[in-house]
Amino acid sequence: KLLYYSGGAPYLNDSITNGTSRGIKEYERGMMAFDKDGRPLKMQWAPFRDDEETHYFLFDWGSADIMAGTTYEMDGGWSIDDDQTSRKAVESLAYVIYCFKQITFDDGTVWENPDYQNWLDTYRVYTGHKRPSARIK
């Protein structure tokens, strides 16, 4: 969900539910933001700024401790840069989709999502735009 820090800066607050029987120690996931009509939004995914607004962001969470069967509520969230492009995106933001690429469990095993590339190919924008909203409702 979209929230605002006390100073007015926007951020995305999310949670992760671990529906497995093992604890999660690390994960890598992709994220994309869309407006209500399913158009992708370009924004800076702060604090991991690469000086390029993008529709897609792959994040490697190097340390996590999400126990089996629990939900992790992020304290704070994904800050969104306060530049003109990102401000416009925030005003239009309707939803963000996530997909795990890889998960490392507390027993050391690593799960590679066999559907990740398909997810990326389906929703990532190269030219023009795709409208994923009908697929994810």
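This briefing describes the fold, the nonpolar core and some side-chain pairs of one protein. The model is predicted. The protein has three helices and nine strands, and 42% of its 137 residues are buried. The largest nonpolar core is made up of nine residues.

**Overall fold**

- Along the sequence, the elements follow the pattern β-β-β-β-β-β-β-α-β-β-α-α.
- Among contacts with a separation of 6 or more, 70% are between residues 24 or more positions apart.
- The protein exposes about 8,000 Å², and carbon and sulfur atoms supply 46% of that area.

**The largest nonpolar core**

- In soluble globular proteins, nonpolar side chains tend to be buried together.
- Here the largest nonpolar core consists of Met32, Phe34, Tyr95, Ile97, Cys99, Tyr116, Trp119, Leu120 and Tyr123.
- Strand 4 (24–35), strand 8 (93–105) and helix 2 (116–123) are the elements that each give two or more residues to this core.
- Helix 2 gives the most, with four residues.

**Aromatic pairs**

- A pair of aromatic rings is described by the distance of the centres and the angle of the planes.
- The structure holds three aromatic pairs, and two of them are described here, starting with Tyr27 and Phe100.
- The ring centres of Tyr27 and Phe100 are 5.4 Å apart and their planes lie at 80 degrees; edge-to-face means an angle over 60 degrees, so this pair is edge-to-face.
- Tyr27 belongs to strand 4 and Phe100 to strand 8, so their pairing ties together parts that are 73 residues apart in sequence.
- Tyr27 has a relative accessible area of 3% and is buried, whereas Phe100, at 21%, counts as partly exposed, because buried means under 20%.
- Tyr116 and Trp119 form a tilted pair, with 5.6 Å centre to centre and 35 degrees between the planes.
- Tyr116 and Trp119 are three residues apart in helix 2, so about one helical turn separates them.
- Both Tyr116 and Trp119 are buried, and both are part of the largest nonpolar core.

**A charge over a ring**

- Arg22 lies over the face of Phe105, at 3.8 Å from the ring centre.

- Gln117 and Lys101 are 16 residues apart along the chain, and their C-alpha atoms are separated by 8.3 Å.

Note on methods. Residues numbered from 1 in each chain as written. Heavy atoms only, no water. Core = buried A, V, L, I, M, F, W, Y, C linked by side-chain atoms within 4.5 Å. Buried < 20%, exposed > 50% of the residue type's maximum accessible area, 1.4 Å probe, protein only. Phe/Tyr/Trp six-rings, centres within 6.5 Å; stacked < 30°, edge-to-face > 60°. Lys NZ or Arg CZ within 6 Å of the ring centre and 35° of its normal. Contact = heavy atoms within 4.5 Å. Areas by Shrake-Rupley, 256 points an atom, 1.4 Å probe, with all protein chains shown as cover.
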